[in-house]
Amino acid sequence: MINIDIVVTIPKSEYENDDRETQDMLEKDLVQFWTLSKVPRKLKIDDRVYFVKNEKIESSMRVVDIIGNSTMTCETTGRTWSGKCQIIMDDLREENIPNIKGFRGFRYRWW
């Protein structure tokens with residue numbers, strides 16, 4: 001089976017929160033979630049979400065669940081997020097794919 005991974009961009013305004021969430025995920029054995037306003041129809045369980053940060057793909061996580069039209073609250077920040085698609089992830093991996101410009105929404109993996 002071929003994985004159909006997606007790529008998303010962490011907004012610069014969220015870098016500090018992302019660092020805190022990653023630390024909590026590793027220290028407290030938590031999962032993370034990402035909220036989208038559109039459903040990536042090709043994305044399946046066990047695919048990966050790649051994260052653009054500092055103009056490179058610096059990490060990825062494995063999809064463990066995809067929930068439609070839901071609301072979730074982040075345990076680290078206490079913020080509540082709602083959207084058409086919420087992706088639950090684990091298995092954080094460091095990546096180092098340089099020269100990637102940020103964008104809104106998601107894109108399917110192109111490399």
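# Strands, cores and cysteines

Modeller: Strand E1 (residues 6–9) pairs with E3 in the parallel sense, over 4 bridges. This is a predicted model, where local features need pLDDT of at least 70, side-chain atom pairs count only at pLDDT 80 or more, and totals for chains, interfaces and linings use all residues. Residues are numbered from 1 along each chain as its sequence is written, and side-chain values use heavy atoms, with hydrogens and water left out.

Biologist: What makes E1 and E3 a pair?

Modeller: Two strands pair if DSSP finds at least two bridges between them. E1 and E3 have 4 bridges, so they count as a pair. In E3, valine 49 stands opposite isoleucine 6.

Biologist: What are the elements of the chain, and how many are there?

Modeller: The chain has 1 helix and 6 strands. Both kinds are DSSP runs, numbered from the N terminus: helices are H or I with at least four residues, strands are E with at least two. From the N terminus the order is β-α-β-β-β-β-β.

Biologist: How do you know in which sense E3 and strand E4 (residues 56–73) run?

Modeller: They run antiparallel, joined by 6 bridges. E3 and E4 form a hairpin with 2 residues between them. Asparagine 54, in the turn, has a positive phi of about 55°.

Biologist: Which other residue has a positive phi although it is not a glycine?

Modeller: Aspartate 29, also with a phi of about 55°. Aspartate 29 lies in the loop between helix H1 (15–28) and strand E2 (32–36).

Biologist: What makes strand E3 (residues 48–53) largely enclosed?

Modeller: 6 of its 6 residues are buried, so the rest of the structure largely encloses it. Both faces are covered. Arg48, Tyr50 and Val52 are buried on one side, and Val49, Phe51 and Lys53 on the other.

Biologist: What makes a set of residues a nonpolar core?

Modeller: The members must be buried Ala, Val, Leu, Ile, Met, Phe, Trp, Tyr or Cys residues joined through side-chain atoms within 4.5 Å. The largest such core here has 15 residues. Ile6, Val8, Leu36, Val49, Phe51, Ile87 and Met89 touch the most other members. E1, H1, E3, E4 and strand E5 (80–98) each supply at least two residues. E5 gives the most, with 3 residues. A second, separate core has 6 residues, including Tyr50, Val52, Ile57 and Phe103.

Biologist: Which residues is leucine 36 in contact with, beyond its neighbours within four places in sequence?

Modeller: Contact means heavy atoms within 4.5 Å. Leucine 36 is in contact with Ile6, Val8, Gly83, Lys84, Cys85, Ile87 and Phe106.

Biologist: How far apart are serine 59 and arginine 93, in sequence and in space?

Modeller: They are 34 residues apart in sequence, and 5.5 Å apart in space, C-alpha to C-alpha. Serine 59 sits in strand E4. With a relative accessible area of 12%, serine 59 is buried.

Biologist: How many disulfides does the structure hold?

Modeller: It holds 0. A disulfide needs a pair of cysteine sulfur atoms within 2.5 Å. The sulfur of cysteine 85 is 17 Å from the closest one, in cysteine 74, so the two are too far apart for a bond. Cysteine 74 is buried at 9%. Cysteine 85 is buried too, at 1%.

Notes
Buried < 20%, exposed > 50% of the residue type's maximum accessible area, 1.4 Å probe, protein only.
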